[in-house]
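Here are my notes on the model, as numbered points.

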Amino acid sequence: MRIEVDIDRTLRARDRQFRLAASFVSTAGITVLFGPSGAGKTLTLRAIAGLLHCDHGRIVLNETTLFDSTHGIDLPARRRGIGFVFQDYALFPHLNVVQNVAFARAQGWFAPRRAMDADIGDLLEAFALSELAESYPAQLSGGQRQRVALARAIAAQPHLLLLDEPFAALDAPLRAHLRTELLAIRERFAIPMVVITHDPDDVAALGGTVVTIEKGRVLEA
Amino acid sequence: MTEALQPLLLTLKVSALATVLALVAGVACARALGRRRGLARDVAESLLTLPLVLPPTVLGYYLLVVLGRNGVIGGWLHANFGISLIFTWQGAVIAAAVAAFPLTLRAARAAFAEVDAQFEQAARTLGLTETAVFFRVSLPLAWRGVCAGALLAFARAMGEFGATLMVAGSLPGRTQTLSIAIYNAVMAGDDATAQTLVLISLVTAVVILILAARLLRRAPRGLQDAA
């Protein structure tokens, strides 16, 4: 896996502006974006996923150019093949666990009547969600929601998984447990990840390449 | 009783079809407006809201101008298909749909604005096209608000009088809806018929409101606990 990010985007609110000008290259299985809140980590992740449009720059994943302002390339989010686990998980509240996890399996205008199949069953098993298949997101705990969000993203078979502060919403004991779980998932599905955190403990536990972002800039290692 | 039942059935038929038309058009326009910004959108939105604030007779007049034999749409329909909408129950459907349209539009606009954009973004990262995102995420999450708009639209269509009278007239058994039949009965001094029709109107309205309230209370399972 190789990801090359070189992006420039200026955001303006009424009385202030923020310039994100981040660039880094990583070939590690796990890349950790580390920095204080408001540094531009989430914006960077959204730019990689295609959810934030950049003014200038280049984003290349393996051999695929996702964004290149000089050549007018800007793949829409749906064609980037990148999974995104949102900070508050963004599970579809009107769908149960199976329907959430199987969401990407059917790409049509309407959801299929039956979401369950053997692959989804295996995935639910892998994420210890089989018992919760019929539950709705509002009925799940924080840790369960995170597992659903991960399973939903992985079911789409992405080339890269982006995780925005995956542990921020959880208490300390659960956080430690889920760090190990995340690493296990990385191994099992052989999927490269870019993970955002502001917690030095996460950085130590996850390993991989660390990219430190502050005030919209990548600090030299 | 037949002379009372006929206007009721006609009114229900006209109102139901008008609500469907207003609902589809309202949701489509709400989505188109929601993706734009600036002056052009504000102008379009106020033009589309006009049927709500114009006197129904003014609305009826403009519908006659457009749908009449010499009108843009009416002339074209007559020349190509031999169809005339004036003085037909289909004309009454159009009149009621136009009158009810701003209600579905505004309800849908508000309901779509309430949907957290993050759910739509999540669906995009999962590979869905914009149309699929709309049908599988935005619309289901906005559904209750859209339904509430449809209910208001149906009530508005049931009570529609002025525009319907001008476009469809008052042909007993063919275009005479409840509200028009009541007006005619009162004008003819037929108090017995008028009282029956008024009572039917009242009971129908109450039944529909109760049905709608029960329907709206039964939210999709996943949304129940979140509320």
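1. Two strands pair if DSSP finds at least two bridges between them. On that basis, strand β7 (residues 82–85) of chain A pairs with β8(A) in the parallel sense, over four bridges. Within this pairing, I82(A) stands opposite L160(A) in β8(A). Note that this is a predicted model.

2. On β8(A) there is also a link to strand β9 (residues 193–197) of chain A: three bridges join these strands, which run parallel. V194(A) in β9(A) is the bridge partner of L162(A). To get from β8(A) to β9(A), the chain passes through helix α5 (residues 172–189) of chain A, and this β-α-β crossover is right-handed.

3. Are the faces of β8(A) covered or open? Both faces of the strand, residues 160–163, are covered. In a regular strand the side chains alternate between the two faces of the sheet. Here L160(A) and L162(A) lie on one side, L161(A) and L163(A) on the other, and all four are buried.

4. Chain B has eleven helices and zero strands. Its C-alpha trace spans about 65 × 45 × 30 Å along the principal axes. Of its 227 residues, 39% count as buried. Among contacts in chain B with a separation of 6 or more, 74% are between residues 24 or more positions apart.

5. Which parts of chain B touch chain A? The contact involves 23 residues of chain B and 26 residues of chain A. On the chain B side, the elements that give two or more residues are α6 (117–125), α7 (130–159) and α11 (221–226). Of these, α7(B) gives the most, with seven residues. By class, the side of chain B that touches chain A has twelve nonpolar, seven polar and four charged residues.

Key
Residues numbered from 1 in each chain as written. Chains lettered and ligands numbered in written order. Predicted model: local features only at pLDDT ≥ 70, side-chain atom pairs only at ≥ 80, totals over all residues. Contact = placed C-beta atoms within 7 Å. Nonpolar A, V, L, I, M, F, W, Y, C, P; charged D, E, K, R; others polar. Buried ≥ 20, exposed ≤ 12 C-beta atoms within 10 Å, placed from the backbone. Right-handed = clockwise from strand over helix to strand, strands pointing away.
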